[in-house]
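Welcome, and thanks for opening your viewer. Please load the structure and follow along through two stops.

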Amino acid sequence: MNAPENFDALVLGGGTAGKLAAWTMAKEGRRTAVVDRKYIGGSCPNIACLPSKNVIYSAKVASLVGRQREFGIETGPIVIDMAGVYARKRDMVDGIIQVHLDKYREALDKQRGDELMFGEGTFVGPRTVHVRLRDGGERTLTAERVFVNLGSRATTPDTPGLREAKPLTHIEALDLQRRPEHLIVLGGGYVGLELSQALRRLGSRVTLISRDSQLASNEDSDISLAILQLFRDEGIDVMLDTDVLGVSGVSGRHVSLQLQSGEGPRTVEGSDILIALGRTPNTSGIGLEKAGIEVTEKGHIRVNDRLETTAAYVWAMGDCAGSPYFTHVSEDDFAIIHENLNGGRRSTRDRLVPSCVFIDPELARVGLNESQARERGLAYRVASVPVASGWRSWTISEKRGFMKTLIDVRSDRILGFTAFGPEAGELMGTVQLAMLAGLPYTTLRDAMFAHPTMTEGLKALFMSVPERLENHAEQLQHARTPDD
């Protein structure tokens, strides 16, 4: 093994939190090494968040063109060019990679010895990593501070025949330059929902199979039912409460799935399989135990609420640390670590984490939904209005969906907000800011928003919140409680 090279900061994994750690440590004058396996900037700009939203938007355009007569427009026959969809996505990714390379060049000081290197990193001792370089050669690095940002990968279950069928993951699906004739999607979470709708709108026949009893299983039943109706209206065949017993064939040619549901056994055949069954942290086989870094039963690196691992001066961030699997959370992970390194006392506890599913219309939520409030034993007031209660949705012919908010029974504090409708993610941001500032819901109720905007619809929502009554016993008669 080569003699260790000493750095002030070593970043293993250059995803969202990792790249921010590298740029920040280097700009603060610390000799910094970044070890990444493949993707400049991590998964988000290369194979996940941004590429998927790019393809989803192409599918949105296809949907709008398909509705041309509704908007008073006549065109010729519609042709989906999957190679063109891919080329647009690839052009975006290449541009974002260049932005990241420029940021690395700006942050890393070669004269000081800062380096970005590509290869497989393995811990061989406390704060010591052996790197097998992608272009050949080996190096051993050690540092005063180590930041671990290993990410995660699509989970492939041990269903008989599934691995042999060579299923698509989101990575391969986003690189398709052909249109699957009949795509079978396994999983009803974020990835499964987004790509099912996108590929359907791009011309594929789509069957979505979920072992759960509802789509978007973490959401309230009214949300899940609304998504189910949307998918069925768009011609997506949805099968819930269904287990896959076995798979035969090869994805891209022909596949056959043996299924079991409450209705008995069934066989479904298609041309391609896409697995969207959760994520597995990239923590196995990299010598974490040699560095004194413990992992949980689910394979995540064990961290405290300051993202410190069980090894001194080693932090873990993002997916591998068990943080919610969102790019914005990974960014916040490093912000917490950095603030604490400079004398702060930030924690991951009680973070207000927003989420958005980029189906069309979007599904966005911040704070608690009804299911979570009931689990916590919280009594709450609830208000819900259709998206069509605001006039902007009429002007764009996008009236599907609704908004819902939970308000504390004893105060006017906003507990949560969910929107299923156009621009839901943008709407959520306004409510999130109010929640972060500790503002009562009445602030949004009484605010003057520009007309006609989607944000204006928030007034209708918060105007419909039941009055807060002085008598608590009477309140509970007008509010939802854990026993409802």
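Two strands count as paired here if DSSP finds at least two bridges between them. Keep in mind that this model is predicted.

**First stop: a sheet**

Select residues 402-408, strand β19, together with residues 414-421, strand β20. These two strands run antiparallel and are joined by six bridges.

Now widen the selection to the whole sheet: five strands, open, ordered β16-β17-β20-β19-β18, with antiparallel pairing. Where are the edges? Highlight β16 (355-357) and β18 (380-386): each has a single partner strand, so one side of each is left without a neighbour in the sheet. Ignoring direction, neighbouring strands here are turned against each other by 10° on average.

**Second stop: a helix pair**

Move on to α1 (residues 16-27) and α4 (residues 82-107). Their axes lie 9 Å apart and the packing angle is about 25°. Because angles under 35 degrees count as roughly parallel, α1 is roughly parallel to α4. The crossing of α1 past α4 is left-handed.

Which residues make the contact? On α1, show Lys19, Ala22, Trp23, Ala26 and Lys27; on α4, show His100, Lys103, Tyr104, Glu106 and Ala107. Colour this α1–α4 contact by class and you will find five nonpolar, one polar and four charged residues.

Definitions and conventions. Residues are numbered from 1 along each chain as its sequence is written. This is a predicted model: local features need pLDDT of at least 70, side-chain atom pairs count only at pLDDT 80 or more; totals for chains, interfaces and linings use all residues. Side-chain values use heavy atoms; hydrogens and water are left out. Helices (H or I, at least four residues) and strands (E, at least two) are DSSP runs, numbered from the N terminus. Axes are lines fitted to C-alpha atoms, for helices over the stretch in contact, and angles run from 0 to 180 degrees between N-to-C directions. Angles under 35 degrees count as roughly parallel, over 145 as roughly antiparallel, 65 to 115 as roughly perpendicular and the rest as oblique. A crossing is left-handed if the near helix is turned anticlockwise from the far one by less than a right angle, and right-handed if clockwise. Contact means heavy atoms within 4.5 Å. Ala, Val, Leu, Ile, Met, Phe, Trp, Tyr, Cys and Pro count as nonpolar, Asp, Glu, Lys and Arg as charged, and the others, Gly among them, as polar.
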